[in-house]
Amino acid sequence: MSLLEIKNLTHSFGDNLLYKNTGLTLNKGEHMGIVGQNGTGKSTLIKICTEQLIPDAGHMVRQPKITIGYLDQYAELDKSMTIQTFLKSAFTKLYQLEKEIMLLYEKAASGDTECLRHAAECQEQLEIHNFYSIDIQIEQVAVGLGLLSMGLDRSIGQISGGQRAKVILAKLLLEKPDILLLDEPTNFLDKEHIAWLSDYLSGLENAFMVVSHDYAFLENIANRICDIDNYTLTKYYGTYSEFLKKKTFLRENYVRQYSAQQREIKKTEEFIRKNIAGRKSKMAKGRRKQLERMDKMEALNQKEIIPRFHFPELPLTNTEHLLVKRLAVGYYYPVLSKIDFTIKGGQKVVVTGFNGIGKSTLLKTLVGRIPSMGGDFRFSDQTVFNYFEQDWVWEDPLRTPTQIVSDAHPEIPNQEIRKILARCGISSKHALQAIGTLSGGEQAKVKMCLLTLKPCNFLIMDEPTNHLDVQAKEALQTALQEFSGTVLLVSHEEAFYKNWAQKIIHVENRIK
């Protein structure tokens, strides 16, 4: 019996259909990667599995008493709680059981033998669940996800959003639910921590479902793939690379069969048209009945959307475009200080380093979103920059992509805006949908679209690939390589930048 089964699923956002009468099962021990282009409904599927969303039609069945753990990066946490205390809360039931044992032993001291027997049973449960190695388990996960370097005695209110997401993930792993649901867990992890998580998940006995655009990560952890395509959830057995081969073969085979059936239908309809009123009328009517009873194949409605980005350029020289001297950045206290570096015109520079160390804070300081906390920085007079922010902040989440672009560029006709959005990978349906209901990848494409309409000579981008599918990543990679201006990019995805970056700045406690 499956741990979780979704039957007859149909769901849409407004006019945008995601699934049509489809289903999926997750069995014990299955490690499932969920893939599909941006906007096909990967995160929505996770929310349906956690019952955060009720589908338009269909239902979910799961085994009674199974536990489901969901990575909610935006969960409300007690900011005064230390990281150590928060991680220990993963074992709350075991700590309560320990207290119960102490009470039972106190009662047993007065001669209650039944309490002594019950205490022994509880003690056995603690040993089965490795209660006496809790500190070791916490340390192993904390080391693997890079939490020890932050200090487990720090309060949650003192850490960044990326660090907070890692702490939530750590607690979830320590809880070891029967089904683990993770939505883009590698977005806030560094290369070393992705490798650790990959090893951890691949060795896990429990089942999980993971949404990810990091296909190397999926290749290492998944033995099943759920592909969301053409409004259907299709389950493939094997690794991600095996899935790609199978899908290509099945798609090509389906197209051949569909084309053959369409030719047969056209030929039959032509015969009926010519003979329905003639001496072969009886035969034509028989063919018509056969045609009506035919199980007709549906056309593959969803075509792959291949975006194209182009960043218009302003003139520049190869002189110094940005000078940073002993800069300190942070909010309430400096997280980075004594920062010194220079960037010349036309240079492609990438900033790397542990998540939460202050890379995004550095960029926000440079673009004027937050004040510096010491030192100085200066752009050259000819510099005109555009900034890609990784946070999804919209003035009105109910505005559509078409309206957002029109607000920024009222001089562009509405029809032309639709073409521009389509070029950036936004379908006609999504262009008319509230921005707040779109997937992270689609929202990123809308932000990218706005950048393609504003000429500059310096692009400053903060983790632009986090939610992009493979087609969009490749398009962005090409656009940045073709851009003759200066690029300052924060990224944890080495495969994205390694072939074109000219300078790597690795952030530790300070930039050297």
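Helices (H or I, at least four residues) and strands (E, at least two) are DSSP runs, numbered from the N terminus. With that in hand, select Glu-51, which sits in the loop between α1 (42-49) and β4 (57-62).

Before going on, a word about the model. It is predicted, so local features need pLDDT of at least 70 and side-chain atom pairs count only at pLDDT 80 or more, while totals for chains, interfaces and linings use all residues. Residues are numbered from 1 along each chain as its sequence is written, and side-chain values use heavy atoms, with hydrogens and water left out.

**Stop 1: two backbone angles**

Stay with Glu-51 and look at its phi, which is near 65 degrees, a positive value in a residue other than glycine. Most residues other than glycine have a negative phi. Now go to Glu-184, in the loop between β6 (179-183) and α7 (191-202). Phi is positive here too, near 50 degrees. Is Glu-184 buried or exposed? Glu-184 counts as buried because its relative accessibility is 5%; buried means under 20% relative accessible area, exposed over 50%, and partly exposed in between (1.4 Å probe, protein chains only).

**Stop 2: the nonpolar cores**

A nonpolar core is a set of buried Ala, Val, Leu, Ile, Met, Phe, Trp, Tyr and Cys residues joined through side-chain atoms within 4.5 Å. Select Leu-87, Leu-147, Leu-169 and Leu-201: these have the most contacts inside the largest core, which has 56 residues. Helix α6 (residues 161-175) supplies the largest share of this core, 8 residues. Next, centre on Leu-87 and, setting aside residues up to four places away in sequence, find what it touches: Ile-138, Leu-147, Leu-152, Val-167, Ala-170, Lys-171 and Leu-174. Contact here means heavy atoms within 4.5 Å. Another core, of 37 residues, lies apart from the largest one; Phe-309, Leu-438, Leu-451 and Trp-500 are among its members.

**Stop 3: Glu-219**

Glu-219 belongs to helix α8 (residues 215-221). With a relative accessible area of 29%, Glu-219 is partly exposed. Beyond its neighbours within four places in sequence, Glu-219 is in contact with Thr-239, Tyr-240 and Ser-241.

**Stop 4: the cysteines**

How many disulfides does the structure hold? There are 0, a disulfide being a pair of cysteine sulfur atoms within 2.5 Å. Select Cys-424, which is in no disulfide; the nearest cysteine sulfur, that of Cys-449, is 3.9 Å away. Cys-424 is buried, with a relative accessible area of 2%. Finish at Cys-122, which counts as buried at 5% relative accessibility.
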